Amino acid sequence: MNALRLSLKLLSHWLTLRLLALVLPILLVPILVLSLSVAAYASEDATALRVVTLSNDSTEALLALGLKPVGATRSLNGQPWYPHIAAQMQGVTVVGLENAPNLELIASLQPDLILGSRQQSARLRATLERIAPTVLVRDSRKGWQQNFLLFARALGQEQAGIKRLAQVQARIQCLKQALQQQPLRQVSVLRFNPGQVRLYQLDSFSGELFAALGLTRPASQNVHAYGVNNFSSERIAELEADWLFYFTYGARRQQSTLLYREAFMSDPAWQQLSVVRHNRVQSLDDVIWNTANGILAAGVALDQIPQLFSLAVPEGGALCRSSVKD
Amino acid sequence: MAQAKPVSDQQPQSSTRQCTADPAAKSSATTWMADRPWRGAGLSLLLPAGALRVLGLLLLVLALVSLLAMALGPLWINPLDLQAPSALQQLVLFELRWPRLLLGLVVGASLAVAGFVLQSLTRVSIAAPSVLGLADGAGLSVVLVLFAGEALWGGQLLTPQGMALAALAGAVAVLMLLRGLSRRDGDLEKMVFAGLVVAAICKALVSLLLLLSQSDMAMQAQIWLVGSLAQANPALNRWLLAACVLLLSLTLFNYRALALYRLSDEVMGSLGQPVGVSQRWLYLLAAGLTAIAVAGAGQVSFVGLVVPHLIRRICPRGVPAQLIGNACGGALLVVAADVLARNLFTPYELPVGIFTALIGVPCFLWLYGRGGRS
């Protein structure tokens, strides 16, 4: 009897052991895998991702998602960064110019990912790919919203990106409604470059912003293209609109460009524009509205809308501020 | 043979010349094109000891500067002391610096030799790929292709190989235009003048296209117009290197003809050289060499103009020595300029063309001022 009980006990012990031996791995393996993958995820977390940005819009995409590049090309006309991102860019290595990035410096930063635009960096793509996976948008100046989402996806932050963009879009909708309540909704946009004037059309950063805000354009600007170079002073009459906005090239405002602007604006045809006579001509920041092309610049541009269009701002508050302040 | 005929007519008058008086020498000279050296006769170069010394020195300096180019950068790497290179060192050395160095060597050698060939053929000392409009033609062709690409295929970029072919087409087209313009009377000075005009037209057309374009092309095209080695990549380098070696050795094989062109058409003719045929060959070689340079690095200024003069000063003897000297000297100038362009204003890189002018022109002026006429 005793022997039987002993053997039974042994058997049960053996069975439990077998069971444990069987169950433990089944239990342990997923736990191990899970914890390992969490650890891996943590170490490959986007915050630890080393990213080099070759264009200002990709730099702004990173900043908007709460990340910081390890290296970035100097902002066009920035010193080295544009004022609206300078505070967040403290300590970021300058890796050359947008159209001449320093490949060696980029390599020595040992990035995990390189972001930029094809319009600037396509010819360097093969070499960039040897340094790190490279994601280039087609053109920084066109489709800033899609470009932002593409950068967010490349960073593994698609959901955060969609959320961040939705905030901006909500502000745009709010401002659009405010703008619809006033009659002056047609805008003209041009830029004074050294020695020439460029007319802006729909497929530009400012064009897309104004279109999203429900504003219309005069016929020659209501075209799906970037713009018209060498806009002749003989065509000044085409600029007639409710509002006329202009950029002036360069951070340091070359004297020659200013003189050219003065000459263009003293043209009799210019003086006869009703938008000029009604004093609705305003200067826009070239960086924010034209060369930055990023989501942060879009935010700053939207901040300026109420003032630009003389919209009524509620007492003690701001019109269409995003509920979540970044 | 049409060109060879007057030679036999003149023979009685020029009977004092030994080589034409000797029937054996004459027949070997008139059949020169038939048994071109690479068809089996082999290549023999006449390199005097003095020239050898200078060439050796040039090669030594070139090797030193190349080592410097591999070592210098944001990351200091001693290429002679690499026991166990890290992944980063390997990347920087073999993926970034080496392709760039190789491209610099190829571009410099091609441009300088093209300049030397053009100066010898035209006997005009300011003839150079950029002066004769070959480089501008190549640049215009590249911009045209970019422009067409933008208009027809929505700005899809061409491969570097496609760009290289476009550059070649442009250089050859300008060359044919110039040859066509000066064929009537064969006036070489007129041809150089026509080249200046064509260069100006090409520049104007490039500006026009850039203004007409949707402006982002200007940025892509700019790199072809200012000259830069930054876009060096191994895939294209292989092609450029092969083409460069081929064309340089063809030029070297043709050095006898080149030596004769440095005299005059009359002397050439009296020596039995079929002027037109070999001239066409040599011009084509110069155009091809220019196209290699433009396809690889865009328009690098001053190399083709300045280096042949510098080499003539340093190493004055014989065409083979000049050719090799030009290849080394051009490569040296471009590589040295690129070392400066990369390292002088870190992190910003400047176009190499700025420094080829900044180094080349003072050297040129100094040497020109020192000696009398060349």
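Author: Two strands count as paired if DSSP finds at least two bridges between them. The model is a predicted one, and the pairing described here is computed from it. In chain A, strand β7 (residues 187-193) and strand β10 (residues 243-248) run parallel and are joined by six bridges. Within this pair, Leu190(A) has Tyr246(A) of β10(A) as its bridge partner.

The pair belongs to an open sheet of five strands in chain A, with the order β9-β8-β7-β10-β11 and mixed pairing. At the edges stand β9 (227-228) and β11 (281-283) of chain A; each has a single partner strand, so one side of each is left without a neighbour in the sheet.

As for the chain around this sheet, chain A has 14 helices and eleven strands. Of its 326 residues, 39% count as buried. Among the contacts in chain A with a separation of 6 or more, 63% are between residues 24 or more positions apart.

Next comes the partner chain. In the interface, 27 residues of chain A are in contact with 22 residues of chain B. On the chain B side, the elements that give two or more residues are α5 (87-122) and α9 (216-226). The largest share of that side, five residues, comes from α5(B). By class, the side of chain B that touches chain A is made up of 14 nonpolar, five polar and three charged residues.

Definitions and conventions:
Residues numbered from 1 in each chain as written. Chains lettered and ligands numbered in written order. Predicted model: local features only at pLDDT ≥ 70, side-chain atom pairs only at ≥ 80, totals over all residues. Contact = placed C-beta atoms within 7 Å. Helix = DSSP H or I, 4+ residues; strand = E, 2+ residues; numbered from the N terminus. Nonpolar A, V, L, I, M, F, W, Y, C, P; charged D, E, K, R; others polar. Buried ≥ 20, exposed ≤ 12 C-beta atoms within 10 Å, placed from the backbone.
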